Amino acid sequence: MLLTGLSGNRPVYNGTYTIKYEIIPITPGISGHSERGQLIRVEAEDQYNYYNRVGNREMKFYHPYIEYKTYENDLALLEEIGEDKYLEMALSFDRDYSLEEVQAMLPAEVKPVWYWVNTYNNEDLNRKKNGETIFFANEVYGMKGANSDGTTIKDPRNSFISAINSGLKRKSRYQLQFRRLHERLSNDKGEITKDNIRVIGVVVTGDTASMKLLRGKSYIKASSLGIVVDKF
């Protein structure tokens with residue numbers, strides 16, 4: 001694999017590199033994208049993006065309870081992308097929802113492959129508000145919505161909770177992360193329940209026509225484009 005430089009504001013890929021693409025966590029069962037290799041930061045004016053080793057842009061997430069000056073709206077780019085593409089899109093919601101609410105409000109034509117779970121308390125949010133923090137895909141925690149073979153996981157909450165509980169008991173470099181997640185989600189009550197799992201964003205996949213059905217949805221605060229591939 002070789003990166004020969006930049007084309008505009010995007011890394012240029014030149015060579016052969018195989019990347020295993022699926023929603024794979026750093027800490028099994030609870031985190032976001034991580035198997036994308038070393039990230040490359042590219043700055044343009046007052047904004048910046050991260051790209052992985054094959055030139056794909058990392059998706060951005062916007063927390064609903066942080067007020068941002070600007071929000072990404074990559075759903076507006078669909079006309080430029082063309083009709084013969086299949087893509088992934090990160091959607092940041094206007095508030096937190098239950099898993100059932102999210103599954104009901106998304107168009108049936110798009111497939112939710114990963115759910116962003118609200119793992120922040122008021123102290124976390126107040127600290128992050130000062131920097132108007134945008135979260136990248138390798139910084140957020142959530143639940144897989146699809147298996148590696150593409151089949152839908154109807155209710156991933158039990159596996160998500162089980163992964164956190166198991167991580168608490170296992171000595172590893174992620175143990176502090178598990179402890180923090182357990183404290184936040186259980187509200188320091190010692191047990192995480194399904195009702196504690198509130199979804200504040202989702203990664204969906206689909207073709208261009210399916211993604212257009214998301215336009216104008218009031219629950220979408222921001223949209224951030226991920227991988228785009230040829231449909232055929």
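Mentor: A residue is called buried when its relative accessible area is under 20%, exposed when it is over 50%, and partly exposed in between, using a 1.4 Å probe and protein chains only. This is a predicted model, in which local features need pLDDT of at least 70 and side-chain atom pairs count only at pLDDT 80 or more, while totals for chains, interfaces and linings use all residues. Residues are numbered from 1 along each chain as its sequence is written, and side-chain values use heavy atoms, with hydrogens and water left out.

Trainee: With those words in hand, is Arg215 buried, exposed or partly exposed?

Mentor: Arg215 counts as partly exposed, because its relative accessibility is 33%. Glu79, by contrast, has a relative accessible area of 52% and is therefore exposed.

Trainee: What joins Glu79 with Arg215?

Mentor: Side chains of opposite charge can pair when their charged atoms come close. Here Glu79 and Arg215 form a salt bridge, with 3.2 Å between the closest N and O atoms; the term asks for a side-chain nitrogen of Lys or Arg within 4 Å of a carboxyl oxygen of Asp or Glu. Because Glu79 lies in helix α1 and Arg215 in the loop between α6 and β11, the pair ties together parts that are 136 residues apart in sequence. The labels come from DSSP runs, numbered from the N terminus, with helices (H or I) of at least four residues and strands (E) of at least two.

Trainee: How many salt bridges does the structure hold?

Mentor: There are 14 salt bridges in the structure. One of them joins the side chains of Glu123 and Arg127, at 3.9 Å from N to O, and both residues lie in helix α3, 4 residues apart, which is about one turn of the helix. Glu123 is exposed because its relative accessibility is 56%, whereas Arg127, with a relative accessible area of 48%, is partly exposed.

Trainee: Which residue forms a salt bridge with Asp124?

Mentor: The partner of Asp124 is Arg184, and their closest N and O atoms are 2.7 Å apart. This pair links distant parts of the chain, since Asp124 is in helix α3 and Arg184 is in helix α5, 60 residues apart. Asp124 has a relative accessible area of 4%, so it is buried. Through shared partners, salt bridges join Glu123, Asp124, Arg127, Glu183 and Arg184 into one network.

Trainee: Which residues is Thr119 in contact with, leaving aside its neighbours within four places in sequence?

Mentor: Taking contact to mean heavy atoms within 4.5 Å, Thr119 is in contact with Asp124, Tyr141, Arg180, Leu181, Arg184 and Leu185, once neighbours within four places in sequence are left aside. Thr119 sits in the loop between β7 (111–117) and α3 (122–129), and it counts as buried because its relative accessibility is 0%.

Trainee: Which residues of α5 are buried?

Mentor: In α5 the buried residues are Gln175, Phe178, Leu181, His182, Leu185 and Ser186. They are on the same side of α5, because they cover an arc of only 125 degrees around the axis, an arc taken from the directions from the helix axis to the C-beta atoms. Among what covers these buried residues are β7 and α4, and just after α5, Asn187 takes a positive phi of about 55 degrees.

Trainee: How many residues does the largest nonpolar core have?

Mentor: In soluble globular proteins, nonpolar side chains tend to be buried together. A nonpolar core is a set of buried Ala, Val, Leu, Ile, Met, Phe, Trp, Tyr and Cys residues joined through side-chain atoms within 4.5 Å. The largest one here has 34 residues, and those with the most contacts inside it are Met89, Leu91, Phe93, Leu106, Val204 and Leu214. The largest share of this core, 5 residues, comes from β6.

Trainee: How many aromatic pairs does a search of the whole structure find?

Mentor: The search finds 9 aromatic pairs. Among them, Tyr62 and Tyr71 form a tilted pair, 5.6 Å centre to centre with 40 degrees between the planes. Rings of Phe, Tyr and Trp (its six-membered ring) pair if their centres lie within 6.5 Å, and planes under 30 degrees apart count as stacked, over 60 as edge-to-face and the rest as tilted. Tyr62 is buried, because its relative accessibility is 3%, while Tyr71, at 25%, is partly exposed. The rings of Phe93 and Tyr97 have centres 5.6 Å apart and planes at 85 degrees, so this pair is edge-to-face, and both Phe93 and Tyr97 are buried.
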